[in-house]
Amino acid sequence: MAKVVLITGCSTGIGLKLALRLAQSQNPTYKVYATMRNLEKQKQLVQEAGSALNKTLLIRKLDVGKSDQVQSVVEEAVQNEGKIDILVNNAGFGYVCAFESMPMDIAQQMMDTNFFGCMRCMQACIPHMKKQNCGHIINLSSLSGIYGTPFHGLYASTKFAMEGLSESLAPELSYFGISISLIEPGPVATTFVDTWIDRRKDSKENKQLGQQTQKLTDGIIDFMTKRPPDVVENVDHVVDVIMKCINDKPPSLRYPTTEVVLKAAKRKFIDPTGDSVTDFTTSFYPIFKKD
């Protein structure tokens, strides 16, 4: 019997590629409910789905900020399929900004989407998984969930919160046969980062910063725009890691997707002083090295 998978944030990037990989697998192995906040952005997914569309791939509207929509899609999946095996919390967004100029409304929206959206989906799925005595929750975290990176403070906060919640839930859910995993990519070659930059350019607050802070902010933007090839991941590689996570028996709690992320995590967890955070930041973002 095919495994039933619910994925959030499928209009682009990792969510889109994962939904296609699962839905187009042979046998079929998976039945995918691919969701997105705005169905006007489903064109690429529809085009690439081919014969899987409306068979092993179902596209549904789901704004993770709205509990009624979350509950509706989960209930539909359970009613139609009799179960829900895998939840992938992928929906999220970021914002490049000096902390003192972060608009409070965007900060609240980011936490509501990236963290509370994840929480809403888990709360809707977990009761069904407990009844099944099985299930797997996969949360898309980030290198920013391990290291708080400059000018990504609120985004990092949402990912730190996701890491803490997932770690706390792991033993709690294991009792009921449910696994929880964190996928921890570094920078990924998607349009995700482009939306951060677009928001930042449109921000009036960023234009009111002091000269030095503005210079540092511009340096981060320049780094993110160029995305050095030695640190940027291919989307398909991240999907490969997620597929490994899905197929592992049992799955691990954490899946760093590259050696860069793995080494960063090792450095942090063996350093009680926190000094390695600054060292890593200056090596990753050269603009923070003082002459």
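Predicted model: local features only at pLDDT ≥ 70, side-chain atom pairs only at ≥ 80, totals over all residues.
H128 is placed in helix 4, which covers residues 104-132. With a relative accessible area of 14%, H128 is buried, because burial is assigned under 20%. Leaving aside residues up to four places away in sequence, H128 is in contact with V74, E75, V78 and I84.

The aromatic rings come next. A pair of such rings is described by the distance of the centres and the angle of the planes. Rings count as a pair if their centres lie within 6.5 Å, and by this rule there are two aromatic pairs. One of them joins F115 and F116: the ring centres are 5.1 Å apart and the planes stand at 70°, so the arrangement is edge-to-face. F115 is buried, at 12% relative accessibility, whereas F116 is partly exposed, with a relative accessible area of 36%.

Y175 and F176 also form a pair; their ring centres are separated by 5.2 Å and their planes meet at 75°, so this pair too is edge-to-face, given that angles over 60 degrees receive that label. Y175 is exposed, its relative accessible area being 69%, while F176 is partly exposed, at 28%.

Notes
Residues numbered from 1 in each chain as written. Heavy atoms only, no water. Phe/Tyr/Trp six-rings, centres within 6.5 Å; stacked < 30°, edge-to-face > 60°. Buried < 20%, exposed > 50% of the residue type's maximum accessible area, 1.4 Å probe, protein only. Helix = DSSP H or I, 4+ residues; strand = E, 2+ residues; numbered from the N terminus. Contact = heavy atoms within 4.5 Å.
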